[in-house]
Amino acid sequence: PVLDSYAFKTGNPMAGLANGGTLFLQSQQTDPEKVWASLPAAAQKAIALKGIKVLYMDMVAAAIEFAPTADLQQRMQGILLLGTYLKVAPFAKGMDNDKLFEKLKVVLGKYFGRRGDAVIEANLKAAKRGFESVHEVPANIINGALAPAGGKS
């Protein structure tokens, strides 16, 4: 995950990302072309060459919606990101979504159980939002980074 696009100006947040991997971007944008355009040209080219899938979502806005207090907003972003991870995790591929979230509820119960059912349910709901609301930059937009300058093939 890249939670701040400034990371591209200070280093290479994709270092170590394997071919065919997945990159998550925190973005307030809803248009995949604008999300893509927000990335530096070098990052776009590297993503296209490595066949990286690019996901995005405004986790900050969702965390504000889900967190009962301001001090819990960052933790809630992590729960939303967990839902996004479950969307692409190899072990979850092909698994029925209801079954996946039943298993997650058990895990959340072990972690948050002493805080009560309402906290478990709130975290489960946030994870579901991360799972359901994450968007993908389409491959045709990404592959456009490999087109020769001037747009001619």
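Predicted model: local features only at pLDDT ≥ 70, side-chain atom pairs only at ≥ 80, totals over all residues.

Q: Which residues of H7 are buried?

A: A general point comes before the list. An α-helix has 3.6 residues a turn, so residues three or four places apart point the same way. In H7, the buried residues are Ile120, Asn123, Leu124, Ala126, Ala127, Gly130 and Phe131. Their arc around the axis is only 160 degrees, so they lie on the same side of H7.

Q: How many residues does H7 have, and how far does H7 reach from its first C-alpha to its last?

A: H7 has 17 residues and reaches 24 Å. That is close to the 24 Å expected at 1.5 Å a residue.

Q: What covers the buried residues of H7?

A: The cover includes strand E2 (53-57), H4, helix H5 (73-88) and H6.

Q: Now the charges. How many salt bridges does the structure hold?

A: First the idea: side chains of opposite charge can pair when their charged atoms come close. The structure holds 2 salt bridges. In one, the side chains of Glu65 and Arg129 meet at 2.7 Å, N to O. This pair links distant parts of the chain, with Glu65 in helix H4 (residues 59-66) and Arg129 in helix H7 (residues 117-133), 64 residues apart.

Q: Which side chains meet at 2.6 Å, N to O?

A: Those of Glu121 and Lys105, in a salt bridge. Glu121 lies in helix H7 and Lys105 in helix H6 (residues 97-112), so the pair ties together parts that are 16 residues apart in sequence. Glu121 is partly exposed at 35% relative accessibility. Lys105 is partly exposed at 37%.

Q: Which residues have the most contacts inside the largest nonpolar core?

A: Met57, Met76, Leu80, Phe101 and Leu104, in a core of 26 residues. E2, H4, H5, H6 and H7 each give two or more residues to this core.

Q: What is Leu104 in contact with, leaving aside its neighbours within four places in sequence?

A: Leu104 is in contact with Leu82, Leu86, Leu124 and Ala127. Apart from this core lies another, of 18 residues, among them Val2, Leu23, Leu25 and Trp36.

How values were computed. Residues numbered from 1 in each chain as written. Heavy atoms only, no water. Salt bridge = Lys/Arg side-chain N within 4 Å of Asp/Glu carboxyl O. Helix = DSSP H or I, 4+ residues; strand = E, 2+ residues; numbered from the N terminus. Buried < 20%, exposed > 50% of the residue type's maximum accessible area, 1.4 Å probe, protein only. Expected span 1.5 Å × (residues − 1). Arc of directions from axis to C-beta. Contact = heavy atoms within 4.5 Å. Core = buried A, V, L, I, M, F, W, Y, C linked by side-chain atoms within 4.5 Å.
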